[in-house]
Amino acid sequence: MATVDTHLAVTSRRDERHYAHRPLPAGLVERILDAGRLAGSARNRQPWRFLVADTPALRDALAETVYAPENVRTAALVVSIAVAGKGPTAFDAGRAAQNMLLVAWNEGVVSTPNGLADPERAARLLRLAGEEKLAIVLSFGFPARARDPQSRSPEEWSARAGRRPLAEVVERL
Ligand SMILES: Cc1cc2nc3c(=O)[nH]c(=O)nc-3n(C[C@H](O)[C@H](O)[C@H](O)COP(=O)(O)O)c2cc1C
């Protein structure tokens with residue numbers, strides 16, 4: 001599969017929740033996880049662990065702890081990011097997550113973050129240590145309906161993204 005230019009990858013990527021019933025090759029899973037490992041973090045503390053829910057039993061139980069269980073139940077790869085320690089750990093986890101989401105999309109894999117409806121139960125299922133907190137659960141898979149990033153220009157993807165306009169977001173001081 002052809003890879004995507006970074007600007008096109010950022011502009012064309014949307015969070016997707018409908019996955020094909022097809023496993024991801026092991027090498028691709030490793031590239032996604034390694035992208036998370038490579039994220040920068042405050043003082044390079046790397047305050048994270050990436051917990052991959054490999055067994056169907058764990059996947060199904062974890063699905064019951066997020067707001068949209070189908071996202072997790074039907075995904076080909078489910079990665080939970082746990083963080084611990086001092087510093088801006090939520091920001092650090094966000095950087096690791098976005099690295100994984102973008103490297104996945106680079107190879108045609110779609111994904112979405114999943115907020116936690118029951119974080120305590122999820123923490124027990126994933127056997128988090130006392131000081132660890134679950135930042136997010138990411139679900140990945142090949143798309144149920146393929147979408148070709150090359151079918152539009154970055155400007156077209158940007159215009160269709162459903163985001164607040166730049167003029168409303170950016171303030172020059
Ligand atoms: C912290 C966080 C939690 C999210 N939780 C959920 C969720 O529980 N279920 C879900 O389907 N999407 C979830 N999302 C995805 C958002 O709905 C999505 O980022 C937003 O709608 C933009 O989607 P788009 O890029 O497809 O336009 C979450 C996103 C973030 C950043």
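**Strands, helices and a ligand shell**

Colleague: In E4, which residue is the bridge partner of Val 110?

Modeller: This is a predicted model, where local features need pLDDT of at least 70, side-chain atom pairs count only at pLDDT 80 or more, and totals for chains, interfaces and linings use all residues. Residues are numbered from 1 along each chain as its sequence is written. E3 and E4 (residues 133–141) pair in the antiparallel sense over 5 bridges; strands are DSSP runs of E, at least two residues, numbered from the N terminus, and pairing takes at least two DSSP bridges. Within E4, Val 110 has as its bridge partner Gly 141.

Colleague: OK, and which strands stand at the edges of the sheet?

Modeller: The sheet is open, with 4 strands in antiparallel pairing, ordered E1-E2-E4-E3. Two of these strands have a single partner each, so one side of each lacks a neighbour in the sheet. Those are E1 (48–52) and E3.

Colleague: Are H2 and H5 roughly parallel or roughly antiparallel to each other?

Modeller: H2 (residues 26–37) and H5 (residues 89–106), both helices (DSSP runs of H or I, at least four residues), have axes that come within 7 Å and cross at roughly 150°. Axes are lines fitted to C-alpha atoms over the stretch in contact, with angles from 0 to 180 degrees between N-to-C directions. Over 145 degrees counts as roughly antiparallel, so H2 and H5 are roughly antiparallel.

Colleague: Which strand gives the largest share of the shell around the ligand?

Modeller: The ligand is surrounded by 13 residues (C-beta atom, placed from the backbone, within 6 Å). The closest are Arg 14, Asp 15, Tyr 67, Pro 113 and Gly 115. The largest share, 3 residues, comes from residues 110–114, strand E3.

Definitions and conventions
Angles under 35 degrees count as roughly parallel, over 145 as roughly antiparallel, 65 to 115 as roughly perpendicular and the rest as oblique.
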